[in-house]
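Hi everyone, thanks for coming along. Today I'd like to walk you through one structure, one stop at a time. Let me put it up on the screen.

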Amino acid sequence: MGVVAVIVLVALALATALVSGSNDGATLVALNTRTTTIAPLRAVIVLAFFVAVGPMIVGTAVASTVARGLVAFEKAGGELAFIVAIACALIIVFGLSHRGLPTSVTLAITGSIVGAGIGFALPVHWGVVVAVLLAGVVAPLSAALVAYVVTDIEQRLRPPELPRRFRKAAEWFGFLLQSFAYGTNDAEKLVAILALALGIAHGVRISIAGQIGVAILFIPGILLSVRQVAARVAERITHVRSDTAIAVTVCAAGVVLLSSLLGYPISSTQAATAALVGVGVRTAPRQVQWPQIGRIGVAWLVTLPLAIATAAMVGLVVRFVR
């Protein structure tokens with residue numbers, strides 16, 4: 001790989017870290033700081049910490065799927081195709097967010113990778129693609145269902161209210177679990193980009209310096225948009241109480257961790273948002289803001305085909321003019 005390609009891939013990895021912080025990180029921080037138990041700055045630091053160390057603890061199964069499992073980027077022209085894929089994904093996420101349609105970075109990256117593979121005529125592993133897309137559908141539905149069932153059981157049993165200090169401890173446990181889950185799945189897309197930049201796609205390994213770099217850039221991404229996201233995601237979906245926050249984080253984290261172990265890249269924000277809806281439907285269905293949920297759902301539905309089509313067209317043009 002040429003020096004220019006390495007520089008571009010490293011730059012794209014850092015840009016993806018910034019965008020992921022602004023999109024994913026801000027959403028998770030917003031969801032976990034609405035009850036005031038967890039201070040926003042502490043939440044930002046904890047989440048960034050797990051972005052750095054999460055892949056080191058669980059391994060690189062998700063990163064390997066992104067770097068090699070979907071498209072054979074090890075073939076001739078693979079580096080340029082991957083650059084086109086990540087660039088298209090960032091443009092789509094930025095464009096949809098700018099139009100008030102917050103979407104999933106994972107969906108954009110997955111779709112763009114497939115589209116770039118098509119555009120550059122690289123082998124696309126359709127079996128893996130289908131499995132990843134199914135995981136992307138099943139994960140948020142599972143998170144919503146599990147959150148609904150857990151909340152339903154809690155509502156029926158009506159256990160005595162926990163002392164305040166135990167509720168705080170439970171909220172912190174849920175947030176730590178969710179941050180760890182994010183580090184083992186969403187953050188691994190950054191590992192994949194850095195792995196290709198370092199020319200180790202045939203055996204994805206973790207760059208400690210790279211992980212520290214993306215974690216540092218993840219922080220300003222959160223700070224740039226957390227207030228806007230907090231108003232959009234939390235209170236505009238349903239009211240967030242202490243027990244709501246605990247159920248949402250634990251159920252969403254469980255689904256994401258299972259996907260990480262299976263090597264499927266999914267979106268932690270989709271799982272968390274879906275779990276929030278599941279809890280809201282069970283506890284206060286009239287407070288669930290379906291128009292806002294509809295806007296988020298439209299963004300999710302649009303992102304994948306838009307990313308595939310955009311990256312395929314750009315890839316086709318680049319392949320014929322280079």
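Let's begin with Val 255, which, apart from its neighbours within four places in sequence, is in contact with Ala 139, Ser 142, Ala 143 and Ile 266. Contact here means heavy atoms within 4.5 Å. Before going on, a word on the source: this is a predicted model, where local features need pLDDT of at least 70 and side-chain atom pairs count only at pLDDT 80 or more, while totals for chains, interfaces and linings use all residues. Residues are numbered from 1 along each chain as its sequence is written, and side-chain values use heavy atoms, with hydrogens and water left out.

Back to Val 255, then. You'll find Val 255 in helix H10, residues 242-262. Helices are DSSP runs of H or I with at least four residues, numbered from the N terminus. Is Val 255 buried or exposed? Val 255 is buried, with a relative accessible area of 13%. The cut-offs are these: buried means under 20% relative accessible area, exposed means over 50%, and partly exposed is in between, using a 1.4 Å probe and protein chains only. From Val 255 to Gly 183 there are 72 residues in sequence, and 14 Å in space from C-alpha to C-alpha.

Next stop, Cys 88 and Ser 112. Cys 88 sits in helix H4, residues 78-98, and counts as buried at 6% relative accessibility. Ser 112 belongs to helix H5 and is buried too, with a relative accessible area of 0%. Which residues does Cys 88 contact, leaving aside its neighbours within four places in sequence? They are Ser 112, Thr 310, Ala 311 and Val 314. Now look at Leu 301: its C-alpha atom is separated from that of Cys 88 by 17 Å, and the two are 213 residues apart along the chain.

Let's move to the nonpolar core. A nonpolar core is a set of buried Ala, Val, Leu, Ile, Met, Phe, Trp, Tyr and Cys residues joined through side-chain atoms within 4.5 Å. The largest one has 85 residues, and those with the most contacts inside it are Leu 47, Val 51, Phe 82 and Ile 113. Take Ile 113: beyond its neighbours within four places in sequence, Ile 113 is in contact with Val 66, Leu 70, Val 71, Phe 73, Phe 82 and Ala 85.

How many cavities of 30 Å³ or more does the structure hold? There are three. On a 1 Å grid over the protein atoms alone, a cavity is a set of points where a 1.4 Å probe fits but cannot get out, and lining residues have an atom within 4 Å of a point. Grid points are joined across faces, edges and corners, and a volume is the space filled by probe spheres set on the points. The second largest cavity holds about 50 Å³ of space. Helix H1 (3-32), helix H5 (105-119) and H8 are the elements that give two or more residues to its lining. Among the lining residues are Thr 16, Asp 24, Thr 106, Tyr 182 and Lys 189. As for H8, residues 188-197, ten of its ten residues are buried.

My last stop is charge. Side chains of opposite charge can pair when their charged atoms come close. A salt bridge is a side-chain nitrogen of Lys or Arg within 4 Å of a carboxyl oxygen of Asp or Glu, and the structure holds two of them. Asp 152 pairs with Arg 156, with the closest N and O atoms 2.8 Å apart. Both lie in helix H6 (residues 126-157), four residues apart, about one turn of the helix. Asp 152 is buried at 14% relative accessible area, whereas Arg 156 is exposed at 64%. Asp 152 also forms a salt bridge with Arg 282, where the closest N and O atoms are 2.6 Å apart. That pair links distant parts of the chain, since Arg 282 is in helix H11 (residues 268-283), 130 residues from Asp 152. Through shared partners, Asp 152, Arg 156 and Arg 282 are joined into one network.

Note on methods
1 Å grid on protein atoms, 1.4 Å probe; cavity = no way out; pocket = protein on both sides within 12 Å on 5 of 7 lines; lining within 4 Å.
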